[in-house]
Amino acid sequence: MQLTDEVHWRYVYDRDGTLRSYSMGTKKIGKWAIEKDELCLYLKEPDDSCFEDRSRQTHRDEAFWIGLTLVGVLQTPADRN
């Protein structure tokens with residue numbers, strides 16, 4: 001699956017735990033994992049963190065991270081690059 005704002009960025013979550021990040025023309029490869037009911041992203045960046053999914057509570061696709069809200073569309077990736 002992928003989470004995207006459909007313009008500037010997208011995170012592609014592969015079944016094997018690989019995370020592909022595309023943001024403003026830059027591609028990064030990392031890992032994702034579920035830890036203590038949170039989605040954790042590891043892209044070797046200072047802001048690597050875990051997110052609490054609140055989409056079921058708010059009826060929107062969003063995650064909360066250090067007091068900020070990440071809103072995007074969850075969908076099947078159009079490609080596998």
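Start by selecting C40 and C50. The link between these two cysteines is right-handed, with 105° about the S-S bond. Zoom in on the sulfur atoms and you'll find them 2.0 Å apart, which is the disulfide itself. By the rule used here, the count comes to one disulfide. Now colour the two ends by element: C40 belongs to strand 5, while C50 belongs to strand 6 (residues 49–53), so the pair links distant parts of the chain, ten residues apart. C40 is buried, because its relative accessible area of 0% falls under the 20% cut-off. C50 counts as partly exposed, at 24% relative accessibility.

Before going further, zoom out. Keep in mind that you're looking at a predicted model. Switch to cartoon view and you can trace one helix and nine strands in the protein chain. Walking from the N terminus, the order is β-β-β-β-β-β-α-β-β-β. The protein chain has 81 residues, and buried ones make up 31% of them. Its accessible surface comes to about 5,800 Å², with 53% of that belonging to carbon and sulfur atoms.

Next stop: the hairpins. Select residues 18–23 (strand 3) and residues 26–35 (strand 4); these strands run antiparallel and are joined by six bridges. Click on S23, and its bridge partner in strand 4 turns out to be T26. Two residues sit between the strands of this hairpin, and M24 in the turn has a positive phi of about 50°.

Which residue stands opposite L39 of strand 5? Look for I34. This hairpin has two residues between its strands as well, and here K36 takes a positive phi near 50°.

While you're around strand 3, pick S21, which is found in that strand. Is S21 buried or exposed? With a relative accessible area of 6%, S21 is buried. Show what surrounds it: leaving aside neighbours within four places in sequence, S21 is in contact with R10, Y11, T26, K27, K28 and L43.

Show R10 together with Y22, and you'll see the charged end of R10 over the ring of Y22, 4.2 Å from the ring's centre.

Last, the rings. How many aromatic pairs does the rule count here? The count comes to two. Select W9 and Y11 for one of them: this pair is tilted, 5.7 Å centre to centre, with 45° between the planes. W9 is buried, having a relative accessible area of 18%.

Then select Y13 and W32, an edge-to-face pair at 6.0 Å centre to centre and 90° between the planes. Y13 lies in strand 2 (residues 9–13) and W32 in strand 4, so this pair ties together parts 19 residues apart in sequence.

Key:
Residues numbered from 1 in each chain as written. Predicted model: local features only at pLDDT ≥ 70, side-chain atom pairs only at ≥ 80, totals over all residues. Heavy atoms only, no water. Pairing = 2+ DSSP bridges. Helix = DSSP H or I, 4+ residues; strand = E, 2+ residues; numbered from the N terminus. Phe/Tyr/Trp six-rings, centres within 6.5 Å; stacked < 30°, edge-to-face > 60°. Buried < 20%, exposed > 50% of the residue type's maximum accessible area, 1.4 Å probe, protein only. Lys NZ or Arg CZ within 6 Å of the ring centre and 35° of its normal. Contact = heavy atoms within 4.5 Å. Disulfide = S-S within 2.5 Å. Areas by Shrake-Rupley, 256 points an atom, 1.4 Å probe, with all protein chains shown as cover.
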